[in-house]
Each structure stands twice: as structure tokens, then as C-alpha cells.
Amino acid sequence: MHRRTHALATATVATAALTLTLFPHPAAAQPTPVTTPVTSDFNGDGYADLAVGVPDATVNGKAKAGYVNLLWGGAKGLGRHGGLRVSQATAEVPGTPEAGDRFGAAVALADLSGDGVAELIVGAPGEDVDGRGADAGTVTVVGGAKRGTGPGSTALTGPSAKSAYGWSVAAADLTGDGGRDLVVGGRDKVVLRAAVDDGENLVVTTVLATPMGGRAPLLATGDFTADGTDDLALAFHTINAPYTQSHVRLWSWDPAERRMANTWNSSNGAASALAVGDFDGDGLDDLALGECREIADENIDDPCGPESYAKGGGIHLLYGDENSFGRRSQTLNQDTVGVYGAAEDGDRFGASLAVLDWNRDGRDDLIAGAPGEAIGTRARAGAATLLLGHAGGIVDKFGEASSVQYHQDRPRVPGAAETNDAFGTAVATGDYDKDGTPDTAVGTPGENTDSGGVWIFPKTSVTNSYALTPNNLGLPTPTTALSYGRYLSSH
């Protein structure tokens, strides 16, 4: 049976009928409630939860020490059943809040232990480590619990100053032994932490160390080799640091060598987001590259599809194939027929991506954030778009798409679109109220002068949508520039 996981890397009871208008108007089936596995349930109540990383927050007087705000799912909707703040001031969490730790710069919820309760994985790339130097960085795993948190431990620590371990994180069974392994992105480096030999031994191995522009790569996981075991996708680019390059690479576990082996490459295509789903319903994992654009060598043929689709941000889709991954591809942007809006420079269409099967037709759909989208005269107010999967993928056989757009000036969406809101900077999906239809969360870190917020769309509909902000969540210092909603966990 095919299994898929997603990486890095968030409702009142909604009405049965959705008040959405698809453009164009496809004869799409209405969603059918089904039960799906919950993989992000931190408090063990059976509902999916959302982790919001707030690395710019002050903790115990330490600026940008950072925390993670866990929002509980429940029958009344995400964030309406309370939540929990987790920081290095939390008793079970190792370390001490220090200025610039940026605890929460990467967050993920995953059931690492297999007990049905998710662990919280948190990156703190600014953590100073004794004997290793400033900004060595750490990744912490905090156990889930019905009340509060379970025990926490440091999973990985950067080996030297400025290693910045924890800039990106992902969790998946990459070794094929049934357990979950951790992938950690640091400055110009990716590392795997895997339990092998039935959990008897721990292997920490470097996946890739190369100039990445002084940043960590994007990470995603999926079964790209169609062998039943998850693989790792990573993407990075540099501009004159020390040279211009861009890569998307796939890696698979080599049990003989006990390391990850590079299995597939696409050069010259830079992306801002990665997402994994089965967009054409053939049972094979596909890879979406968000805001994909060519930056290095114009002599390389269309690494992100036709150059005309790069304007405003293009989404490039590489489809699974049992013999040759990526042999088939598609590209779209806001000038594609059926996609709301128009492609304009700076829209950043696809800067964030999340996967869901909204209409339960067996084909995954895609939520794409465009935080640079202008709404009326308000520059960078931002938007997000639902793109439906078809038999041929996100783009149908006629080269058209089906979409729904969300932004703050739509009827029934709270708030008003304002300059620099950056609605769509992050997106996440999950059935947070367990009604059988996925909900969508959209991060808006520029809201209220960078205080931020997360907009919740039950059933991925504008009907009964609501906003969660630092103020209405009762978070401390809500008037400071928290940029709440910039970092959301995947499901």
C-alpha cells in the first residue's frame, strides 16, 4: 500500500455546502467526509494540532529567544480549545532562553515514537553551545502529553560556531525500518540522524555540505523512487556566494554504506518552497517546486518549465514515475487559464505550499501562498490559492487549472487587506476539527505592523473563517513585532 509523508518545513462547525466559486467552473464532486490518520496530535485527544514558531519573541526578557505556540485542534476548530507555549523556559525543555536563540525558526509535528502522539521538533539556529561557539544551533524534540509537555531532549547540536543547526527540519522513515528519522538543515549543510539495526544504533551522517548561500536548504520527504521507502528532496541556491548556482536533488538511503545516496538532480532551478503529493492520482509521489525560477545559466533548457511562467512566480511540478522520476512535468503561474489573478513581478506565487485532498477524489490538491500579491492598491497584502488536482495533474489535459483564491478583502474573510500584510507567507493544512474535510491555515506575519496572525479556513472555505492573532490568543507582548504566522508546522 502506497504511503506518503510530508515535511518542512494550522474552526467552527462549517455548513455542509461550500460557498466557493471555482474558476473556471468544474463539475467537481462535493467533499465526502472520511477518516484520515492524525499525525500531528501533540496532546493525545485525537485531533490534529498546529505548531506556530515564533522565533522573534522575547522570553524572560531575552530578545528573540523564541517560543513555539501549539494550537489545539478540536470540534469547535483550531485554536478554539486552547493551546500551549513551549520555550527553553519550559521545565521539560533543555537549555535556557538566551537573546538570539531563535527557538522556533523551524517547527514540525511528527509521531517519532509510534505511540500515536506527536512529538514537537524545534530548530534553534541561533543557540550558542559551550565548547562549540556562537550560533552553533540545536534541534530539540519535545514529547507530547495530555497536559503540558513530555520530556524533551536535544537531538542534534551544531559542531562549530555559525553551524546554525535547526534552520530547517524534517522527519520521515528514510531507512525503511518503520521508525522516523530526523533531517536537519544548517548553514550550507544537511545532516541525517537515523536509528538503525532495529533501533540499536544511532547514525548521524552528513547528507550534503556545499555552499548554499550561507543558508539551509529546503527539505521535503516522499517516495520518489517508488520502492515503498521515503526519500529526501532538498533545494538550495546561491547568488555569487561564492558563485551562482541552484539545485533540486533527491537522496535515498544506502543500507550498505549507511548513508544517503544522491539519486536524481535538476540544476539551475531555484525554488522558495517544496511540497509532496499525488496530484494526478496514480499512486506515485510528485514534487512541487514553489516560486520556481531560473537564476544561473540561461543555456540550460527550462529547469522550471517555459520561461514565460516564471513571471510573478511559477509552480513547477515533477511527476512520479516507476522508472524515471520527473520524466513528466507541468508548470503554471497566475497567467495560466483557470488560476485567479494575473502574473505580476513580485507576487511570489508559490512562495509557500501545502498539500491536501480537499474534494476527496483521490488526487491531492495544492495551496499556494503569494505573499507579494497586491490586493487593489495595497502592495504585498498577499493571497493564497487552492489549486485542484485533475486526472493529468494540477494542470488538466487542456492546459487549464481550477482554483479558488483567498485574501482579506474577500467577503466573509475577517480583516482588511493592507500593505505589507504578507498573507500567504506560510500555509498549512489538516483536518483540525475532524469532520472529514481538510482545513487550511494561512500565515500573515505582517498583520498589525508585524505582530502577525494566522487565518483559519474551516473546510478550506471562506465560510466561518476566522483569525488567530497574538492579541486574541492572549500571547505576551502582542504589540511587538512577533511576525506570528511566519513559521507553521506541516501535518
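The model is predicted. It holds seven salt bridges. Three of them are described below, including the pair Glu 291 and Arg 348.

**Glu 291 and Arg 348**
- Glu 291 and Arg 348 form a salt bridge through their side chains, at 3.0 Å from N to O.
- This pair links distant parts of the chain, 57 residues apart.
- Glu 291 sits in strand 18 (residues 286-294), while Arg 348 sits in the loop between strand 20 (329-332) and strand 21 (352-356).
- Glu 291 is buried because its relative accessible area is 11%, under the 20% cut-off.
- Arg 348 is partly exposed, at 36%.

**Asp 361 and Arg 363**
- Asp 361 and Arg 363 form a salt bridge, and their closest N and O atoms are 3.3 Å apart.
- Arg 363 is partly exposed, with a relative accessible area of 24%.
- Asp 361 is also partly exposed, at 27%.

**Asp 435 and Lys 459**
- A salt bridge joins the side chains of Asp 435 and Lys 459, at 3.1 Å from N to O.
- Asp 435 lies in the loop between strand 25 (426-430) and strand 26 (439-443), and Lys 459 in the loop between strand 27 (454-457) and strand 28, so the pair ties together parts 24 residues apart in sequence.
- Asp 435 is partly exposed, at 23% relative accessible area.
- Lys 459 counts as buried, at 11% relative accessibility.

**Ser 483**
- Ser 483 lies in the loop between strand 28 (466-468) and strand 29 (487-488).
- Ser 483 counts as buried because its relative accessibility is 9%.
- Beyond its neighbours within four places in sequence, Ser 483 contacts Asp 56, Pro 445, Asp 450 and Ser 451.

Conventions. Residues are numbered from 1 along each chain as its sequence is written. This is a predicted model: local features need pLDDT of at least 70, side-chain atom pairs count only at pLDDT 80 or more; totals for chains, interfaces and linings use all residues. Side-chain values use heavy atoms; hydrogens and water are left out. Helices (H or I, at least four residues) and strands (E, at least two) are DSSP runs, numbered from the N terminus. Buried means under 20% relative accessible area, exposed over 50%, partly exposed in between (1.4 Å probe, protein chains only). Contact means heavy atoms within 4.5 Å. A salt bridge is a side-chain nitrogen of Lys or Arg within 4 Å of a carboxyl oxygen of Asp or Glu.
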